[in-house]
Amino acid sequence: MRKFNFCAGPAALPQPVLEQAQRELLDWRGLGCSVMEVSHRSPEFVAVAERAEQDLRDLLRVPSNYKVLFLQGGATGQFSAVPWNLFGVGSKKADFIHTGHWAAKAIKETRRYGEAQIVASSEDRNFSYAPAADSWKPSRDAAYLHYTSNETIGGVEFDYVPEVDCPLVVDMSSTILSQPIAVEKFGVIYAGAQKNIGPSGIAVALVREDLLDRAMDNIPRSLSWKVAADAGSMDNTPPTFAWYLSGLVFQWLKTQGGVEAMEKQADIKSKMLYGFLDSSSFFSSPVEKGSRSRMNVPFVLADADLDKKFLEESEAAGLLSLKGHRSVGGMRASLYNAVPLEAVEALVVFMADFEARWG
Ligand SMILES: *Cc1c(COP(=O)(O)O)cnc(C)c1O
């Protein structure tokens, strides 16, 4: 039996996608083998790759002067790739908005290759909010500004896109495809797949074409966006199964009404959970209103000694993976596109019952 899965990543996948993959697993398209067992250069797989790219372009309305890259190494690989690809021309300084765990990782990696200047930070209040647009200024000499549009662990989401003169680089790992985005405002958008795209093992980057010629000379070949772009993301063997499954997710999203429909769903699902948290005297959200993520909802119990019981009982009730990240504790419910409204309804019913018994 499939249960409701709130895992932050690798996360829930749409059931129709898994069913299709299951149907096709042993004999894909009458080839007598699975999609995992054909050459990535076969016409059949190239068609899968091209269709996935086109569907992603359609879903996000990606302008034609952007390359869509399917990469390896996850979002963490892009923490390295961004400075390697953008520090080769002009300044080796980048601006950062520091909002917590993932921003910190990107900053730390960037400092191996150049300067990371923190132009805004929410550290003063334990990373419980996104710095407001009018509270900070970019520096004048940055090669780019990097921010994390949604902190998957802290549950903090920006409600605006920073306005800067330099190229804007965003780690969109946990919100990509959950809402329409104005791609043209960004130089680079990247995301690991295992939150809201598909299985782990693949990452997506949208790179504006004029940024492909800024790499440092000795860039590792496997991190080069230019190499990937010139090779159609097949400079070496790509993770074909993850690519295929991501493509099935894109097709599923189209049948569901695309990112506009996903945003409506995300609003309904997250409002239901935050509404409950705000009305409860036992559960609460540590994130300030106005910055609350619609994808990742951390929450705490008034009595942390009951955390273990909460996790045991929720698991037994068919609600999976509600444990918060080991670095912050507490609980977290991730409400990605593939998590249905019924899952959130079941969660709220369970939490109200738990509060009545233990609160
Ligand atoms: C999960 C996550 C990462 C790390 O992704 P990997 O694919 O494991 O490298 C980076 N940034 C954000 C915002 C994430 O949610």
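Trainee: Which helix gives the most to the shell around the ligand?
Mentor: Helix H3, residues 74–86, gives the most, with 4 residues. Helices here are DSSP runs of H or I with at least four residues, numbered from the N terminus. Keep in mind that this is a predicted model, where local features need pLDDT of at least 70, side-chain atom pairs count only at pLDDT 80 or more, and totals for chains, interfaces and linings use all residues. Residues are numbered from 1 along each chain as its sequence is written, and side-chain values use heavy atoms, with hydrogens and water left out.

Trainee: And which residues are around the ligand?
Mentor: Gly74, Ala75, Thr76, Phe79, Trp102, Thr148, Asn150, Thr152, Asp171, Ser173, Gln194 and Lys195.

Trainee: Where does Thr76 sit, then?
Mentor: Thr76 is in helix H3, and a polar atom of the Thr76 side chain lies 2.5 Å from an oxygen atom of the ligand. For Asp171, a polar side-chain atom is 2.6 Å from a ligand nitrogen atom. In Gln194, a side-chain N or O atom is 2.9 Å from an oxygen atom of the ligand. A polar contact is a pair of N or O atoms within 3.5 Å.

Trainee: What share of the ligand's area does the protein cover?
Mentor: 87% of the 390 Å² of accessible area that the ligand has on its own, by the Shrake-Rupley method with a 1.4 Å probe.

Trainee: Switching topic: which residues does the UniProt "binding site" annotation cover?
Mentor: In the unreviewed entry, Ala75, Thr76, Trp102, Thr152, Asp171, Gln194, Asn236 and Thr237. They span 163 residues in sequence and the farthest two C-alpha atoms are 30.1 Å apart, so they do not all gather at one spot. UniProt also places a "binding site" feature at Arg41. Such annotations may be inferred rather than shown by experiment.

Trainee: Where is Arg41, and what does Arg41 touch?
Mentor: Arg41 is in the loop between helix H1 (15–24) and helix H2 (43–60). Leaving out residues up to four places away in sequence, Arg41 touches Val46, Met234 and Asp235, with contact meaning heavy atoms within 4.5 Å.

Methods: Helix = DSSP H or I, 4+ residues; strand = E, 2+ residues; numbered from the N terminus. Near = heavy atom within 4 Å. Polar contact = N/O pair within 3.5 Å; in protein donor to acceptor, adjacent residues only side chain to side chain.
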